[in-house]
Amino acid sequence: MQSNDIRAMFLDYFAGKGHLVMPSFSLIPQNDPTLLLIGAGMAPLKPYFTGERKPPHPRVATCQKCVRTPDIERVGRTGRHATFFEMLGNFSFGDYFKEGAITYAWELVTQGFRLPQERLWVSIYEEDEEAFAIWHNQIGLPAERIVRLGKKDNFWEIGPGPCGPCSEIYYDLGPEVGCGREDCAVGCDCDRYLEIWNLVFTQYNLEPSGEYTVLKQKNIDTGAGLERLAVALQGKKNFFEIDLIQPLYQHFHALADQGKRLDQTALRIVTEHSRGIAFLVADGVVPSNEGRGYVLRRLLRRAARYGRLIGLEGNFLAGAVPLIADLMGTTYPELVERQDYITQVVQIEENRFHETLAQGMEILEEYMATVKEEGRPAFPGSWAFKLYDTYGFPLDLTEEILAEHGLKVERESFQENLARQQSQARAARSRIEQGGRKEYKAAENLTTVFTGYETLEEEAQLLLILKEGAVVEQAVQGEAVELFLERTPFYAEAGGQVGDTGVILAGPSRFIVENTVFTPAGQIVHRGRVEEGTFTAGDRVVARVEEGRRRAICRSHTATHLLHRALQERLGGHVNQAGSLVAPDRLRFDFTHFAAPSREELRAVEERVNQLIRQNLPISVYHTTLQEAQQQGAMALFTEKYESEVRVVQTGDYSRELCGGTHASATGEIGLFKLVSEEGIGSGIRRVEALTGQEAYRAAAAASERLERMAQILHTTESALEQKLEELLQENRTLQKTNQQLRQQLAGFTVKDLLSRVEKVEGINVLSTAVEAEDMDSLRMLMDRIKERLSGAVIVLGAVHQGKVLLVGAATGDVVAQGIRADTIISRVARQVGGGGGGRPEMAQAGGKDPDALPEALRSVAGLVRQQKEEALLNKPGSGGRS
């Protein structure tokens, strides 16, 4: 059975059992700062398990793409571990429990997939008699095929919160795949007994005290690895033989150096990691040294290094992206839609790693040699951190290379260095994570209806007042508090759009809304202060949005949609939004692209947006299913999580985008659009900033005024300003050339005067004098002129410019042969003027801080030459001196 058929049969089976089948969520978690990436089927559904949100259906089934890295070192060394995988799952939120979950799983495995029962085994938590009874008495499984395992293996918990025992279904791949030990059985760490399905029975809550209490609402969370099911159903022995992975394995095998004895582990690592790399980039992750970007960089660079070990050359990971899209693009169309983008991101990162690998390896080899020479017990963590921070070496890559040489990293020291670097960012995230949900605990059951699409003023009941996270009955004049209303026209900050401001009135009492945000659980919070009077929970109030500011925000948001589409038109379909800020006075738009757009490209984008504004295209909003919206060509964002019904903002026939923000009613309301800046902010990410409406007009007017003032200063007209500037620049170039010629002539006269100051020291011509010079270049030019006319010489020139000493020194070749060094002399002179410097025996330069000491320092040169000459004679072989 092909993998696509396995996936379809699983989802169809549970759809037939009354489950809502939901599409895979993005690998990037939404509104969950505790997760870097989605690593399990239940992870995107966590708000439904915790009760923060009501599930769309009490029964849900998904096939969720996942990335998980704790077992990364086992990838390729076993046939069952992977960093990227598809997790099939069925979930129950207070509906069926153990009996239903076990019955469904067994029925699908034995009657749907028709796996032979004699090769199936089951594990349960050792104390779960209820599960044993269901498996033995109702399913009819012999007791000897039900294995009891301890808490480590068969009890799911992650700290305080919902938890429970689990039961797993295993498939016996046969003794030829196993470890060969007589006691090999379910629970053994070899590949023989393959876990294909895990059923988690969430029935307890672990209290902070350590006590387990029974949950009122019991849930089911199951996970069946698609790749593992494929191994069993396709009669294979490991992941790398199944239909979704084997073509990729063969692709890399064909590219590898056939002259080498291929390392199967390395080939497997490259194959497996390439899938995770493609999916991470498709979902909007870009390589970096932090967070999920580091996970991507780690996978990519690990695969790149192992590829080099088996003779893979060039951008072999980028080259595999089309094959991955071909294998999995039907189920995950983002791989096809973003294929060019994925390829370019991977290619850029591969090139960067190739550039730094040689340099980093050279440093690592030097470090390893030092460790061995000094007999250190371990490789210093600070050195490993430098390789990570400076050369982009993931720690595990450094560890693997060191392991090949019998060395280990001081992990604790590495972590200390990493913690110091990231302490501020982590502290900030921790404050958000720990404080957010706790601060709004009292509001978690409140619901606020948002009416701000239709109106900017709304009557409502004041439901709750919070002051510094605590519930208060009243708020009086001057107090900063947060208000929760029954209904509100205030838009809460989301999707890049800033929150609304305005006022809330209760009779004569007046509350200034300074910002509007969401709580972590999704309630709308009005933050601000009481300007007049008193507010009491239960009051009837009038909520009024600041109209002018909201209209300006609407203009900016609609302009952002036009900009997004115009960038795609001009730069290519790979352009996708990677972040935004929609404010009343400006907009910022981050997008995926690999080079700085040219001035002409940016001008064309700006012109296109203004053309669309002049066309006054109508803007309409409608709701439809996610699938229908995508079929209509509506743009969706990499990182957004969408419900089954979505809101589409359509601008004429030009743009369709899934969006929850507020917009103008027609593009003409924007008035004017002006790009003001463009820059790169990360690997493959560019940022533009722009102004709209009145702010764009003001910027254009200010630019016009500057041109007018410049024209007045230059005594010309604005239309002739460019020509006038070119004339002045040409005149300046001519003057500079004339000045240089005069300086050279003056230098000739100066050289003649300076040569008259030469004195003989031990048969060597010595010139040490102060001169006039504006910079070091002038000083060196003068030195070159003197050297052309003086042989057998040591020359030291000093100058003072803007309170600092400049020094340059030279020794002609015949003098260097006698043991005289310009770098030694100039260093000693520099120390006398409070500075330092160096160079070569023939030429050196330095600087200093003490101009008053320069004359005496220059007078010391003759003595320094005499001293060097004497030392050279003493060191000469056969002189009787040092040898």
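Residues are termed buried under 20% relative accessible area, exposed over 50% and partly exposed in between, with a 1.4 Å probe and protein chains only. The model is predicted: local features need pLDDT of at least 70 and side-chain atom pairs pLDDT 80 or more, whereas totals for chains, interfaces and linings use all residues. Numbering starts from 1 along each chain as its sequence is written, and side-chain values use heavy atoms, without hydrogens and water.

Salt bridges were examined across the model. The criterion is a side-chain nitrogen of Lys or Arg within 4 Å of a carboxyl oxygen of Asp or Glu. By this rule there are 43 salt bridges. One of them joins R487 to E458, with the closest N and O atoms 3.5 Å apart. R487 belongs to strand β15 and E458 to strand β11, so the contact ties together parts 29 residues apart in sequence. Strands here are DSSP runs of E with at least two residues, and helices are runs of H or I with at least four; both are numbered from the N terminus. E458 is buried at 15% relative accessibility. R487 is partly exposed, with a relative accessible area of 31%.

Strand β11 (residues 457-467) also contributes E457, which pairs with R544 of strand β20 (residues 540-545). The closest N and O atoms of this R544–E457 salt bridge are 2.9 Å apart. The two residues are 87 residues apart in sequence, so the pair ties together separate parts of the sequence. R544 is partly exposed at 35% relative accessible area. E457 is likewise partly exposed, at 41%.

A further salt bridge links D283 and K65, at 3.1 Å from N to O. D283 sits in the loop between α8 (264-282) and α9 (291-309), while K65 sits in strand β2 (residues 59-67); the pair therefore ties together parts 218 residues apart in sequence. D283 is buried, with 3% relative accessibility. K65 is buried too, at 3%. Elsewhere, R74, R80, D189 and D191 are joined in a network of salt bridges.

Aromatic contacts were searched in the whole structure. Rings of Phe, Tyr and Trp (its six-membered ring) pair if their centres lie within 6.5 Å; planes under 30 degrees apart are stacked, over 60 edge-to-face, and the rest tilted. The search finds 33 aromatic pairs. Y367 and W383 are stacked, because their ring centres are 4.6 Å apart and their planes lie at 25°. Y367 is in helix α13 (residues 339-374) and W383 in helix α14 (residues 381-391), so the pair ties together parts 16 residues apart in sequence. Y367 is buried at 14% relative accessibility. W383 is also buried, with a relative accessible area of 18%.

The pair F450 and Y491 is edge-to-face, with 6.0 Å between centres and 70° between planes. F450 lies in strand β10 (residues 449-450), and Y491 in the loop between β15 (487-488) and β16 (502-506); the pair therefore ties together parts 41 residues apart in sequence. F450 is partly exposed, at 23% relative accessible area. Y491 is buried, at 8% relative accessibility. A single aromatic cluster is formed by F10, Y13, F14, Y96, Y104 and W197.

Charges also sit over rings. This requires NZ of Lys or CZ of Arg within 6 Å of the ring centre and within 35 degrees of the ring normal. The charged end of R145 is placed over the ring of W121, 4.5 Å from its centre. That of K151 lies over the ring of F155, 5.4 Å from its centre.
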